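Please have the sequence and the structure to hand while reading.

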Amino acid sequence: MIKCWVGLGGGGELALPTAVSWKFCYGTDTPCDSFFVRCLWKRGQERMLSAACRFFAQWEEERVFTGVVDEFAVICGRDGLYLELSGRGMAALLLDNEAMPAEYQRCTRADIVAGHVAPYGLEAAGGEGLPAVSGFSVASGESEWSVVRRYACYYGGVTPRFDRQGRLVLDPPGDGRELPIREQDGVTGWEYREERHGVLSQVAVRRRTTWGTQWVSDPAFLAQGGRARRVVTVPNTTGTAAMRYTADYQLRAARRERVRMRLTAAGAFLAWPGELVRVELKDFGANGRYRVAQAEVCCGSGGLSTTLVLGEPDSMI
């Protein structure tokens with residue numbers, strides 16, 4: 001049984017009636033997590049949710065969603081009277097707010113959290129290993145999410161994400177639990193896809209007017225016949241380490257969606273983004289180890305189902 005409630009802008013919480021259908025979508029980047037819930041409703045309470053700004057959901061005593069309320073509607077029709085509530089994960093607060101332009105002589109994790117995360121009441125976890133970046137700048141019109149993502153992903157190789165408690169996580173996904181998925185686990189459909197277009201085999205990063213070039217290659221893609229090079233030009237003040245970060249980032253970003261497997265199975269909340277799964281389907285030529293990039297959990301007329309979008313374990317998700 002799913003239990004849902006909302007937080008009110010003036011303080012306090014309000015429990016929602018029984019949910020008759022719902023969908024939760026999770027990922028590790030943009031678009032951010034989202035939710036949709038349809039509940040039974042009682043006439044005369046139509047304005048109760050005007051102050052609702054936060055949404056929470058719990059499944060079998062475990063928190064499964066923390067987010068921002070974007071829209072609600074009370075609808076009376078042939079299906080009766082019901083409430084529809086929808087919104088996004090806590091990343092919405094960073095996506096919706098524009099950052100103040102800034103120039104950092106030396107930017108650290110503490111600077112990013114203090115200036116671009118904490119002002120919105122958000123908690124950050126992990127990221128102690130992220131590097132200090134010289135000459136980090138925030139452009140006019142850039143969202144707070146773009147600032148956080150660029151710092152963590154571009155320089156630290158970590159795709160920032162929000163967990164189910166609404167905290168910003170700045171650590172890479174762990175390799176703890178590995179969930180096996182077999183035919184007998186109620187798999188109802190799958191799709192396996194590979195894409196070569198846009199995948200880079202080599203990146204060269206060069207300074208604008210001085211000598212010095214960093215070359216980074218993807219040996220696996222080269223061995224598969226891949227031939228796609230990019231040349232990135234950076235300012236003369238860019239250090240050698242920063243040039244390497246730039247090249248590595250370009251390679252990871254390019255192969256992010258090289259391999260994608262979409263798999264649907266019966267049941268709710270089978271795996272979370274960032275977790276490892278081992279696909280073991282009968283007579284399937286691409287069995288093996290994958291990492292969850294996205295998850296969609298639904299409850300409706302067809303019962304409970306979970307759809308997982310899987311990628312390569314070491315890909316940028």
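Strand β6 (residues 62-77) provides the largest share of the lining of the second largest cavity, namely 3 residues, where strands (E, at least two residues) are DSSP runs numbered from the N terminus. A cavity is defined on a 1 Å grid over the protein atoms alone as a set of points where a 1.4 Å probe fits but cannot get out, and its lining residues have an atom within 4 Å of a point. The model is predicted, with local features needing pLDDT of at least 70 and side-chain atom pairs counting only at pLDDT 80 or more, while totals for chains, interfaces and linings use all residues. Residues are numbered from 1 along each chain as its sequence is written, and side-chain values use heavy atoms, with hydrogens and water left out.

**Second largest cavity**

**Largest cavity**
- The structure holds 2 cavities of 30 Å³ or more, and the largest has a volume of about 90 Å³.
- Of the 13 residues that line the largest cavity, Asp29, Cys32, Asp33, Ala91 and Phe162 are the closest to its centre.
- The lining of the largest cavity divides into 6 nonpolar, 4 polar and 3 charged residues.

**Largest pocket**
- The largest pocket holds about 420 Å³ of space, a pocket being an open set of points with protein on both sides within 12 Å along at least five of seven lines.
- Among the 24 residues lining the largest pocket, Tyr26, Ala293, Gln294, Ala295 and Val309 lie nearest its centre.
- At least two lining residues come from each of β3 (19-26), β14 (187-194), β18 (259-266), β20 (288-300) and β21 (303-311), and β20 gives the most, with 4 residues.
- The lining of the largest pocket comprises 9 nonpolar, 6 polar and 9 charged residues.

**Glutamine 214**
- Glutamine 214, found in strand β16 (residues 213-217), counts as buried because its relative accessibility is 19%, buried meaning under 20% relative accessible area with a 1.4 Å probe and protein chains only.
- Leaving aside residues up to four places away in sequence, glutamine 214 touches Val203, Ala204, Val205, Thr240, Met243 and Arg244, contact meaning heavy atoms within 4.5 Å.

Terms used. Grid points are joined across faces, edges and corners, and a volume is the space filled by probe spheres set on the points. Ala, Val, Leu, Ile, Met, Phe, Trp, Tyr, Cys and Pro count as nonpolar, Asp, Glu, Lys and Arg as charged, and the others, Gly among them, as polar. Buried means under 20% relative accessible area, exposed over 50%, partly exposed in between (1.4 Å probe, protein chains only).
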